[in-house]
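Visitor: I have a structure to look at and some terms to sort out. Could you take me through them step by step?

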Amino acid sequence: MFMRKYIAEFLGTFILVFVGTGSVVYSAATTPSPLTIALSFGLALAVAIAAFGHISGGHFNPAVSLSMAIQKRLSWTEFGGYVIAQLLGAIVASAAVFGGVATYLKSPTVSQALSGQKMTVSQFVNLAGLGQTNFADGEALSAFLFEFVLTFLFILVISIVTKLANVPAPIIIGLWLAVLIIVALPITGGAFNPARALSPAIFVQGKALGHVWVYIVADLLGGVLAAFVANFFNKDVPEAA
């Protein structure tokens with residue numbers, strides 16, 4: 001029973017990170033718009049929740065799982081397994097995106113953008129990255145506050161919407177993520193998810209990996225606050241069928 005949930009969390013997180021960060025990486029030669037990036041993450045999350053939500057609850061995010069555990073909507077035993085599955089799903093997704101870079105560099109789009117010049121995978125990743133989130137040097141406090149507040153709002157909406165019957169939760173949650181990413185993209189990149197922030201940073205290293213602690217701490221704390229506020233709003237509200 002637990003294994004089905006863990007596999008669902010692995011696959012859902014893989015979909016979210018692969019599609020979301022892939023939309024950034026594989027459109028680098030044509031400069032993707034914020035709307036394109038935001039919708040890629042949002043729609044990927046909506047599809048993943050629709051496909052796997054009935055099995056695991058569709059968290060795909062350690063901060064969401066932490067919030068649900070505090071709300072007693074997830075056992076602490078399951079919480080540990082969920083986080084491991086989510087981290088693995090995200091890391092495998094980033095590895096898959098990285099693995100596709102060599103093929104992408106051979107595409108006509110990239111060749112045209114580079115005017116026929118050659119670029120190695122390492123050069124591309126150093127220049128364009130792997131869809132990692134990051135912020136400007138010296139702006140750790142601003143980045144922390146942005147991630148904390150927007151993660152709180154993101155998970156609060158998830159916690160309330162998933163308690164309501166006859167509400168298209170996957171669509172609402174996916175669109176809400178997209179909107180928040182548009183807001184945060186210029187400041188932090190809009191992670192709201194420790195696994196999503198960590199996985200590409202592992203591959204690109206450098207400042208992205210050095211800054212990743214901000215996303216991990218801020219996003220988890222945002223989930224904790226969302227749990228307590230959600231318990232206040234969801235008091236006496238029965239679980240959605």
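Guide: Start with one pair. This is a predicted model. In it, the side chains of Lys 5 and Glu 78 meet, N to O, at 2.7 Å.

Visitor: What makes the meeting of Lys 5 and Glu 78 a salt bridge?

Guide: The cut-off is 4 Å, from a side-chain nitrogen of Lys or Arg to a carboxyl oxygen of Asp or Glu. Lys 5 and Glu 78 come to 2.7 Å. That is within 4 Å, so the pair counts as a salt bridge. Side chains of opposite charge can pair when their charged atoms come close.

Visitor: Which parts does the pair of Lys 5 and Glu 78 tie together?

Guide: Lys 5 lies in helix α1 (residues 2–25). Glu 78 lies in helix α4.

Visitor: How many salt bridges does a search of the whole structure find?

Guide: The search finds 2.

Visitor: Why is α3 called roughly antiparallel to α4?

Guide: Look at the angle. Helix α3 (residues 62–70) and helix α4 (residues 76–105) pack at about 175 degrees, and their axes are 9 Å apart. Angles over 145 degrees count as roughly antiparallel. The angle passes that mark, so α3 is roughly antiparallel to α4.

Visitor: Which residues meet where α3 packs on α4?

Guide: From α3 come Pro 62, Ser 65, Leu 66, Ala 69 and Ile 70. From α4 come Trp 76, Phe 79, Tyr 82, Val 83 and Gln 86. By class, this contact has 8 nonpolar, 2 polar and no charged residues.

Visitor: How many cavities of 30 Å³ or more are there?

Guide: The count is 1. The largest cavity has a volume of about 120 Å³. A cavity is a space where a 1.4 Å probe fits but cannot get out.

Visitor: What lines the largest cavity?

Guide: There are 19 lining residues, and the closest to its centre are Leu 16, Asn 61, Phe 154, Leu 177 and Asn 193. Helices α2 (34–56), α7 (140–161) and α8 (169–184) each supply at least two residues. The lining has 13 nonpolar, 5 polar and 1 charged residues.

Visitor: What is the volume of the second largest pocket?

Guide: It is about 340 Å³. Of its 21 lining residues, the closest to the centre are Ala 128, Gly 131, Gln 132, Thr 133 and Asn 134. Helix α6 gives the most to this lining, with 4 residues.

Technical notes: Residues numbered from 1 in each chain as written. Predicted model: local features only at pLDDT ≥ 70, side-chain atom pairs only at ≥ 80, totals over all residues. Heavy atoms only, no water. 1 Å grid on protein atoms, 1.4 Å probe; cavity = no way out; pocket = protein on both sides within 12 Å on 5 of 7 lines; lining within 4 Å. Points joined across faces, edges and corners; volume = space filled by probe spheres on them. Nonpolar A, V, L, I, M, F, W, Y, C, P; charged D, E, K, R; others polar. Axes fitted to C-alpha atoms, helices over the stretch in contact; angles between N-to-C directions. Parallel < 35°, antiparallel > 145°, perpendicular 65-115°, else oblique. Contact = heavy atoms within 4.5 Å.
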